[in-house]
Amino acid sequence: MNRQTKFIVLFFCIIKLILHLIADSHSGFQGDELLHIETGKHLAFGYMEFPPLIAAFAFIQNLFHSNSVFIHHIFPHIAAILIIIYVAKTTLELGGKNKAVFLVLLAIIIAPGFGRSEQLFQPVVFSQLFWVLGFYQLVKFTKHLDKKSLWYLTLFCILGFLVKYDSIFFIFGLSALLVYQRTRTALIKHKFWLNILLFLICIAPNIIWQFLNDFPLLQMTDRLYETQLDKISRFENFTSLLIAINPIVSLLLVIPALFYLFKSKDQIFVRIISTTIGMSFLLLLFKNGKAYYFFPIILTLLSFGAIFWEQIVLHKRKWIIYPMSFLMILGAVLIPFGMPVYSFNRYLEKVYPHEIKQIEGGKFGIKYDEYYTKEKWKTTMLTLKMVYDSLPDNEKKNCLIWGKHYAQAGAVNLFRATYNLPKAFSYHGSFYSWAPKGKMPNTIIALSYQVGDFFKPYFEKVTLVKSIYNPYADNEEELYQRVYICESPKQDFGKMNVLFEKRIFE
């Protein structure tokens, strides 16, 4: 990078970080984040929903002993900055210069989908990071056929797999390297089977964990297709993707990127790279992944779109950069649709009218729960404390809280020290692995959404004591949280594990 390029990258890194910190100040925790934070207290080679690497990040963040959104977003923010840097480096490696770097980084900033997916403490942002890092090394290897890039590519494939299983789509695309004589010869020369062997050795502990736990990944995938993916058409996915990455970005960079890849078929290394991207895309399309599953692929395409403008258009008509940049900056109006850079009240006033969702019994159907969970979990904890404090002292001693949903159990365990609450357990998702052993206490406080008589089969007496109304829920089930006092359990925790063995994703 020359000095000007470094300034451009630094400028966008600062803008990116400022946007995320503003969003932190306005938001609470998204439900899945509470599960991921909890994994840091239970380090293992695998979890029911995802590979183990995010737990290592959670473990480090948990060392601060904080329930602050800022603290638990440290690693997502680092990952978001690294994505900016390495998309820029990839653009340069592909032959782009300052104008291309400026356009591609501006596109990332104004894409609401990238804003949200890189804001939350979820595997998604780390999956994007390792895909981008891997793609950078792929470009270098394809150009230079060097051993160093191949080993770095192997490293990022390993890290990508250990953070999110969708890295398999990127790895599948790499098989194109064997199709072309240029890269196939280099792979054989560098004894690429050693890279494959290292990859298999590094992921083996997680595969063994999956085997020993009856492959919960397959159970979760079946449940995901049953409840979500089979109900989403590929056209709906495609439409959602274009909106998520900003229609202006789709028009100005993604479509030109496809044209550039087709036009540059005379450059062998570009042809190889485009084949790897195409194979990853086709497999993902075949599996009907959600729109955000395609985000890493979009991050690799943007560089080609920016280079198209720089090499084919702007070198003849330099003035076009100004109206083009102005149009993209106008696209920043969509940023608040992806991340809470507005206060909640301003969001309800300015953004929500464009995405109203009518929920019977609710006042607002807010699309993303992090917009309102700061108050939601505070109200929940105060209600639980009121119920807990109402118990006789002898019942308080061994009392636990059963969170029906892993987000509820995770919220209690994150905030319980502040509110002097007992520890929570759950049989939902990975919490199943951490459920207590031995005899159940005589009194359990149960917290759930609207689930009818869910707790009654497990206790002699179940009493509904509180209902917590949430006017912002985007589905009827989550309009109310119910708090129960459950007494005289009919079984111990060992029996509960057996009863919920096949129900962890309900």
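In which helix is the place of Cys157? In this predicted model, Cys157 lies in helix α8, which covers residues 147-163. The legends below take this residue first and then turn to other close-up views.

View 1. When its neighbours within four places in sequence are left aside, the residues in contact with Cys157 are Phe170, Ile171, Leu174 and Phe199.

**View 2. Packing of helix α5 against helix α17.** Helix α5 (residues 98-110) and helix α17 (residues 321-330) pack at an angle of about 15°, and their axes are 10 Å apart. Because angles under 35 degrees count as roughly parallel, this description applies to α5 and α17. The crossing in which α5 passes α17 is left-handed. On the α5 side the contact is made by Phe102, Leu103, Leu106, Ala107 and Ile110, while α17 contributes Ile321, Met324, Ser325, Met328 and Ile329. Sorted by class, the residues of this contact between α5 and α17 comprise 9 nonpolar and 1 polar, with no charged residue.

**View 3. Crossing of helices α2 and α3, with Asn62.** The axes of helix α2 (residues 31-39) and helix α3 (residues 53-62) cross at roughly 80° and come within 7 Å. The two helices, α2 and α3, are therefore roughly perpendicular. His36, Ile37 and Thr39 of α2 meet Ile54, Ala55, Ala58 and Asn62 of α3, and the contact of α2 with α3 divides by class into 4 nonpolar and 3 polar residues, with no charged ones. Asn62, which is found in helix α3, has a relative accessibility of 15% and so counts as buried. Apart from neighbours within four places in sequence, Asn62 is in contact with Ile37, Gly40, Lys41 and His72.

**View 4. The mixed, open sheet of 5 strands.** The strands of this open sheet follow the order β2-β1-β3-β5-β4, and their pairing is mixed. At the edges stand β2 (424-425) and β4 (459-469), each of which has a single partner strand, so one side of each is left without a neighbour in the sheet. Strands of a sheet pair through backbone hydrogen bonds, either parallel or antiparallel. Strand β4 runs antiparallel to β5, to which it is joined by 9 bridges, and Lys461 stands opposite Glu487 in β5.

**View 5. Strand β3 and its pairing with β1 and β5.** Strand β3 (residues 443-448) is mostly covered, since 6 of its 6 residues are buried. Thr443, Ile445 and Leu447 point one way from β3, whereas Ile444, Ala446 and Ser448 point the other way, and all of these residues are buried. Strand β1 (residues 400-403) runs parallel to β3 and is joined to it by 4 bridges, with Gly403 standing opposite Leu447 in β3. Strand β5 (residues 480-489) instead runs antiparallel to β3, and 6 bridges join these two strands; here Ile445 stands opposite Ile485 in β5.

Definitions and conventions: Residues are numbered from 1 along each chain as its sequence is written. This is a predicted model: local features need pLDDT of at least 70, side-chain atom pairs count only at pLDDT 80 or more; totals for chains, interfaces and linings use all residues. Side-chain values use heavy atoms; hydrogens and water are left out. Axes are lines fitted to C-alpha atoms, for helices over the stretch in contact, and angles run from 0 to 180 degrees between N-to-C directions. Angles under 35 degrees count as roughly parallel, over 145 as roughly antiparallel, 65 to 115 as roughly perpendicular and the rest as oblique. A crossing is left-handed if the near helix is turned anticlockwise from the far one by less than a right angle, and right-handed if clockwise. Contact means heavy atoms within 4.5 Å. Ala, Val, Leu, Ile, Met, Phe, Trp, Tyr, Cys and Pro count as nonpolar, Asp, Glu, Lys and Arg as charged, and the others, Gly among them, as polar. Buried means under 20% relative accessible area, exposed over 50%, partly exposed in between (1.4 Å probe, protein chains only). Two strands pair if DSSP finds at least two bridges between them.
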